[in-house]
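Please read them with the coordinates open.

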Amino acid sequence: ATATMPYKHSKAARQVFYDVRVEVVKELVGWGQMDLKYEKRDKVIHLKPREFHEALKQRFGRGEKVKLVDLRNEHESLVGKFVNAECPDARNMQELGRFLDDTASESKEREVFMYCTGGIRCEKAALYLERKQPDIKAVYQLEGGIHEYLEEFGTDDECLYLGGNFTFDMRGVSARGKDNTSEVWRCQRCKDGEPVLTPCGVCVVCRFPLVLCKACMNAPECRGEWTCSHHAHLDGIYSYYAIPNLADDDLT
C-alpha cells in the first residue's frame, strides 16, 4: 500500500514533528453519519492543481457564479482561502457535515469545486455530495489540496489562493499564496491586526482555536479569555475565574 501512497514534501526551518504514530482507525475523516466506501464515480472528478486553476480561471473569466467550497474549519479559512470560496463557520467534522448538506441543497444542476488542506477531507465529501444531490452536474476536487496547489502557483501572479495554508503543527502556516489583508490573515476579533498563531489562543467556552493578533491577546479587558464566532454572545460574560460586572437588569 505504501508503494502507491502519495507523499507530500514540505520544508521547514526547524523540527515540527517529534514522533510518528501509525494507527488502524475506523474512519480517517469522522463525519459520523456518512457510511461511505471509496469508489470511482463518473460525476466525481479529481483535478490536478493546474487543471483546477485553469477551470476556475475560465469560469471566473466568463463571469460565471462558481460554487467553490472550502472543506476546512473556520480558523483555517481565516488564515487563507481561494478567491470567492464559500467558507463554513465550522469547528468540527459534524458541523462540516451540516455545511455539506446545505451545499447539496444548493447544487442541483450545478458544478461544485471543493478543496481542503491536502485533499483527504474532499475524498469523502465529494462522494457524499454526489450521493446527497443526484442531480448535481459534477464535483471537482483539488487533488493534493492547497498544499500541492501552492507548490505550483504560490509565487505565480495569477495565483487564486489568498493568504497562508494553515497546518496543525508547530509551523502554523506552511506556505502562502497572494497577500490579501482585506479578506484573510486578519485578527478575527478586531479585524485589523496581523494574527499570531498560538495554542493559547482558544475560545474560553469551547476551546476552539482562534486567529488573534497580539494586541487583542494582551488586551486587559479580555483577561486572557476570548470567544469564537459561535459564542460571541458570551464575550465578557463567560469566564473561568473573573466575576462579570452585571447590572440589575442583566440578572432579571
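1. Basis. This is a predicted model, in which local features need pLDDT of at least 70, side-chain atom pairs count only at pLDDT 80 or more, and totals for chains, interfaces and linings use all residues. Residues are numbered from 1 along each chain as its sequence is written, and side-chain values use heavy atoms, with hydrogens and water left out.

2. Four strands form an open sheet in the order 1-5-4-2, with parallel pairing. Strand 1 (44-47) and strand 2 (67-70) are the edges; each has a single partner strand, so one side of each lacks a neighbour in the sheet. On average, neighbouring strands are turned by 25° against each other, direction ignored. Strands and helices here are DSSP runs numbered from the N terminus (E, at least two residues, for strands; H or I, at least four, for helices). Two strands pair if DSSP finds at least two bridges between them.

3. Strand 4. Strand 4 (residues 111-115) is joined to strand 5 by four bridges, and the two run parallel. Four bridges also join strand 2 to strand 4, again in parallel. F113 has Y140 as its bridge partner in strand 5, and M114 has Q141. Four of the five residues of strand 4 are buried, so the strand is largely enclosed by the rest of the structure. Buried means under 20% relative accessible area, exposed over 50%, and partly exposed in between (1.4 Å probe, protein chains only).

4. Helix 1 and helix 5. What is the angle at which the axes of helix 1 and helix 5 cross? They cross at roughly 80° and come within 9 Å. That makes helix 1 roughly perpendicular to helix 5 (65 to 115 degrees; under 35 counts as roughly parallel, over 145 as roughly antiparallel, the rest as oblique). Axes are lines fitted to C-alpha atoms, for helices over the stretch in contact, with angles from 0 to 180 degrees between N-to-C directions. Helix 1 contributes P49, R50 and H53 to the contact; helix 5 contributes E148, Y149, E152 and F153. Contact means heavy atoms within 4.5 Å.

5. Aromatic pairs. The whole structure holds eight aromatic pairs. F52 and F113 have ring centres 5.8 Å apart and planes at 75°, so their pair is edge-to-face. The pair links helix 1 to strand 4, 61 residues apart. Both F52 and F113 are buried. F82 and Y149 are also edge-to-face, at 4.8 Å centre to centre and 65° between the planes. F82 lies in strand 3 (residues 80-82) and Y149 in helix 5 (residues 145-153), so this pair ties together parts 67 residues apart in sequence. F82 and Y149 are buried too. Rings of Phe, Tyr and Trp (its six-membered ring) pair if their centres lie within 6.5 Å; planes under 30 degrees apart count as stacked, over 60 as edge-to-face, the rest as tilted.

6. Aromatic cluster. One cluster takes in F52, F82, F113, Y115, Y140, Y149, F153 and Y161.

7. Loop residue. Q133 lies in the loop between helix 4 (120-132) and strand 5 (138-142). Is Q133 buried or exposed? At 10% relative accessibility, Q133 counts as buried. Q133 touches A104, S105, S107 and K108, leaving aside residues up to four places away in sequence.
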